[in-house]
Amino acid sequence: MSSSGNCYKVRLVLEQLNLPYEWTEVDFMNGATRTDAFRKLNPNAKVPVLIIDDDTTLSESDAILCYLAEGTPLFPSDRLERAQVLQWMFFEQYSHEPYVAVARFVSSASS
Ligand SMILES: N[C@@H](CCC(=O)N[C@@H](CS)C(=O)NCC(=O)O)C(=O)O
């Protein structure tokens, strides 16, 4: 869903790394994440979902980012540098996303 920050992060890393991908728009506002077909991709019924192959999917935006960026400078192998990347990712999920991003989405959807 293009208006979702969690989906935007995935698109940003795909573009930054110049990875080939196919983007399928899924609008959770019209119930598209609540279908049986979508729940097979992610039982938690949320976007984004990365379809890796016919049998393998990955959900949770930051897990997808780690998977895509492994072996690149975006996700360093140095112990401290990797932990510093994770530090910001955990901050984003726990302190930014629920309070700032969701509030912004709700206020823009209701105006
Ligand atoms: N922690 C998850 C959050 C995913 C999430 O909340 N996705 C929202 C869009 S940003 C969604 O699909 N909501 C649908 C719903 O709650 O019904 C992640 O980072 O991927």
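Begin by selecting α1, α2 (36–41), β1 (49–53) and α3 (61–69) in this predicted model, since each of these elements supplies at least two residues of the lining of the second largest pocket. The space in that pocket comes to about 460 Å³. Within its lining of 19 residues, next highlight Glu22, Thr24, Val49, Leu50 and Ile51, which are the closest to the pocket's centre. If you then colour this lining by class, you will find 17 nonpolar residues, one polar and one charged.

Move on to the largest pocket, which holds about 670 Å³ of space. Coloured by class, the lining here shows eight nonpolar, 12 polar and seven charged residues.

Stay on helix α4 and select Glu92, which is found there. Is this residue buried or exposed? Glu92 has a relative accessibility of 15%, and because this lies under the 20% cut-off, Glu92 counts as buried. Display its surroundings next: apart from neighbours within four places in sequence, Glu92 is in contact with Asn6, Lys9, Asp62, Glu97 and Pro98. For Asp62, draw the C-alpha to C-alpha distance to Glu92, which is 9.5 Å, although the two residues are 30 apart in sequence. Finally, show the side chains of Glu92 and Gln93, between which there is a polar contact at 3.1 Å.

How values were computed: Residues are numbered from 1 along each chain as its sequence is written. This is a predicted model: local features need pLDDT of at least 70, side-chain atom pairs count only at pLDDT 80 or more; totals for chains, interfaces and linings use all residues. Side-chain values use heavy atoms; hydrogens and water are left out. On a 1 Å grid over the protein atoms alone, a cavity is a set of points where a 1.4 Å probe fits but cannot get out, and a pocket is an open set with protein on both sides within 12 Å along at least five of seven lines; lining residues have an atom within 4 Å of a point. Grid points are joined across faces, edges and corners, and a volume is the space filled by probe spheres set on the points. Ala, Val, Leu, Ile, Met, Phe, Trp, Tyr, Cys and Pro count as nonpolar, Asp, Glu, Lys and Arg as charged, and the others, Gly among them, as polar. Helices (H or I, at least four residues) and strands (E, at least two) are DSSP runs, numbered from the N terminus. Buried means under 20% relative accessible area, exposed over 50%, partly exposed in between (1.4 Å probe, protein chains only). Contact means heavy atoms within 4.5 Å. A polar contact is a pair of N or O atoms within 3.5 Å; within protein, one must be able to donate a hydrogen and the other to accept it, and residues adjacent in sequence count only if both atoms are side-chain atoms.
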